[in-house]
Amino acid sequence: MRARVGWKSGFVVALCFFCGAAILFFMLPLFQPPRVVSIEPADGARDIFPTSPLTITFSAPMHRELTQNAIRISPRVVGKWTWQDNQTLSFTPRDTLPFSKTLTVQVSQDARSFLQQPLADNVRARFTTLTYPYVTASVPARGAQFIYVPNQVTLTFNRAMNENALRQNLTIT
């Protein structure tokens, strides 16, 4: 005698199939090697403020201690690591990043996901912090002698400057 299969049995089989596929779809990335999704400041960035934090985002939840130990910043900068969530790590410098320097951030394959998967690739990013402001042009010109300047001296800087800070700190002799 044959067993009769009703629509409910077919529905249950289809539901199990789709639920299993959905679980695989969402869980599969957890079993693959994690990757660095982004580093901010980005590789090649210039004129980064010295107080800017460094943020590294991974493609999977990471083992916090092993991951932090796998990151190097050079030249060395003292600061604090903070996890925003299981995939995003931020570094805030204690004082400031050095001015006019190119910094290199390296994340080695010693970084591990929470499932102990090593990082897929070593990652390196370089960025340059803001340079000290400097005068690019002046009227009268630098080194000029015997110039009559009754009312005005004009200085042009390499970037926008805070007028109040200039008034307090600039001396023309």
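**Reading a predicted fold: a dialogue**

Guide: Alanine 60 is found in the loop between strand 2 and helix 2. Helices (H or I, at least four residues) and strands (E, at least two) are DSSP runs, numbered from the N terminus. The model is predicted, so local features need pLDDT of at least 70 and side-chain atom pairs count only at pLDDT 80 or more, while totals for chains, interfaces and linings use all residues. Residues are numbered from 1 along each chain as its sequence is written, and side-chain values use heavy atoms, with hydrogens and water left out.

Visitor: Is alanine 60 buried or exposed?

Guide: Buried means under 20% relative accessible area, exposed over 50%, and partly exposed in between (1.4 Å probe, protein chains only). Alanine 60 has a relative accessible area of 3%, so this residue is buried.

Visitor: Which residues does alanine 60 touch, not counting residues up to four places away in sequence?

Guide: Contact means heavy atoms within 4.5 Å. By that rule, alanine 60 touches Pro34, Asn86 and Gln87. Proline 34 is 26 residues from alanine 60 in sequence, yet their C-alpha atoms are 5.5 Å apart.

Visitor: What pattern does the protein chain follow along the sequence?

Guide: The order is α-β-β-α-β-β-β-β-β-β-β-α, from three helices and nine strands. Of the contacts with a separation of 6 or more, 58% join residues 24 or more positions apart.

Visitor: Where is threonine 67 found, and what is in contact with this residue?

Guide: Threonine 67 is found in helix 2 (residues 64-69). Its relative accessible area is 0%, so threonine 67 is buried. Leaving aside neighbours within four places in sequence, its contacts are Phe58, Met62, Trp83, Ala111 and Arg112.

Visitor: How many aromatic pairs does the whole structure hold?

Guide: A pair of aromatic rings is described by the distance of the centres and the angle of the planes. Rings of Phe, Tyr and Trp (its six-membered ring) pair if their centres lie within 6.5 Å; planes under 30 degrees apart count as stacked, over 60 as edge-to-face and the rest as tilted. The search finds two pairs. Tryptophan 81 and phenylalanine 91 form a tilted pair, at 4.9 Å centre to centre and 55 degrees between the planes. Tryptophan 81 lies in strand 4 (residues 79-83) and phenylalanine 91 in strand 5 (residues 88-93), so this pair ties together parts that are 10 residues apart in sequence. Tryptophan 81 is partly exposed at 21% relative accessibility, whereas phenylalanine 91 is buried at 4%. The rings of phenylalanine 99 and tyrosine 132 have centres 4.6 Å apart and planes at 15 degrees, so that pair is stacked. Phenylalanine 99 is partly exposed, with a relative accessible area of 30%, and tyrosine 132 is exposed at 53%.
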